[in-house]
Amino acid sequence: MRIETITSAQNPKIKMLLALGEKSRTRRENALFVVEGRREILHCLESGYRVKALFSCPEIISGRDEEMIAAQCGEDVSLFRVTEAVYEKIACRKGTEGIVAEVEMKNTRLEDIRLRENPLVLVLESVEKPGNLGAVLRTADAADADAVIICDPLTDLYNPNLIRASLGAVFTVPTVAATSGETIKWLKDNNIKIYTAQLQDSSWYYDTDMRCGTAIVMGTESTGLSDVWRMSADAHVKIPMLGRLDSLNVSVSAAVLAFEAVRQRHSGR
């Protein structure tokens with residue numbers, strides 16, 4: 001293991017780390033991304049990602065935690081110990097236990113998803129806000145979903161804000177980016193029912209049988225789902241809106257619908 005001390009924010013390694021956190025293009029060109037925090041890094045490692053480098057702050061992280069995480073990364077990892085001033089530059093939030101990782105990307109495809117009997121899949125079409133995507137991933141983890149599929153994404157899956165919002169669930173739940181057409185074909189080939197969340201021509205979500213293989217499909221709050229999803233659906237479902245507004249945040253809708261599937265499967269409906 002290579003160990004080096006960095007005392008300046010002008011160090012090329014620090015500049016690259018900052019660029020990876022800020023620019024999607026830099027992440028794509030280098031096939032690298034940034035993970036911040038002990039818990040998130042451990043989830044990342046457990047999911048088979050390779051950590052290329054660790055940046056730790058001895059003033060914040062304990063020597064025991066640093067040693068444990070570095071050991072799990074393997075002998076090839078580079079460990080850069082940074083000053084507290086440098087760490088403040090690279091850390092996006094407080095309370096991350098003094099460690100940041102530079103991680104190699106994985107290109108997970110639809111065919112890589114391992115499905116159980118009667119799988120539960122969450123599908124999001126053109127959802128842009130990383131915070132919403134991260135919250136949906138946390139719901140998927142809590143509901144023990146088989147996968148989350150991001151169709152025609154407007155943000156990349158390795159956006160640091162998405163990773164932070166998901167609390168590492170982007171690593172605990174198989175997450176794939178694909179086109180709507182590819183996803184619809186894959187769902188039908190695997191005999192998974194497509195239930196689109198929409199207001200038009202819909203049934204109440206709790207009247208829809210979700211004990212079978214189920215894909216819950218949601219779009220943006222502003223435009224909803226595209227026609228290709230509406231036309232491919234096995235059923236349209238809606239959530240009662242008893243106030244004056246006609247929609248919920250997509251992450252809230254995902255939680256309501258996903259846990260209805262969980263309820264049905266555990267109660268026999």
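Predicted model: local features only at pLDDT ≥ 70, side-chain atom pairs only at ≥ 80, totals over all residues.
Residues are numbered from 1 along each chain as its sequence is written, and side-chain values use heavy atoms, with hydrogens and water left out.

Visitor: What is the relative accessible area of Thr-183?
Guide: Thr-183 belongs to helix α9, residues 180-189 (helices are DSSP runs of H or I with at least four residues, strands runs of E with at least two, numbered from the N terminus). Buried means under 20% relative accessible area, exposed over 50%, partly exposed in between, using a 1.4 Å probe and protein chains only. Thr-183 counts as buried because its relative accessible area is 0%.

Visitor: Which residues of β7 point the other way from Ala-147, Ile-149 and Cys-151?
Guide: In a regular strand, side chains alternate between the two faces of the sheet. In β7, residues 147-151, five of the five residues are buried. Opposite to Ala-147, Ile-149 and Cys-151 point Val-148 and Ile-150.

Visitor: Which residue in β7 is the bridge partner of Leu-124?
Guide: Strand β6, residues 120-125, runs parallel to β7, joined by five bridges (pairing requires at least two DSSP bridges between two strands). The bridge partner of Leu-124 in β7 is Ile-150.

Visitor: Which residue in β8 stands opposite Val-148?
Guide: β7 also pairs in the parallel sense with strand β8, residues 175-178, over four bridges. Opposite Val-148 stands Thr-175.
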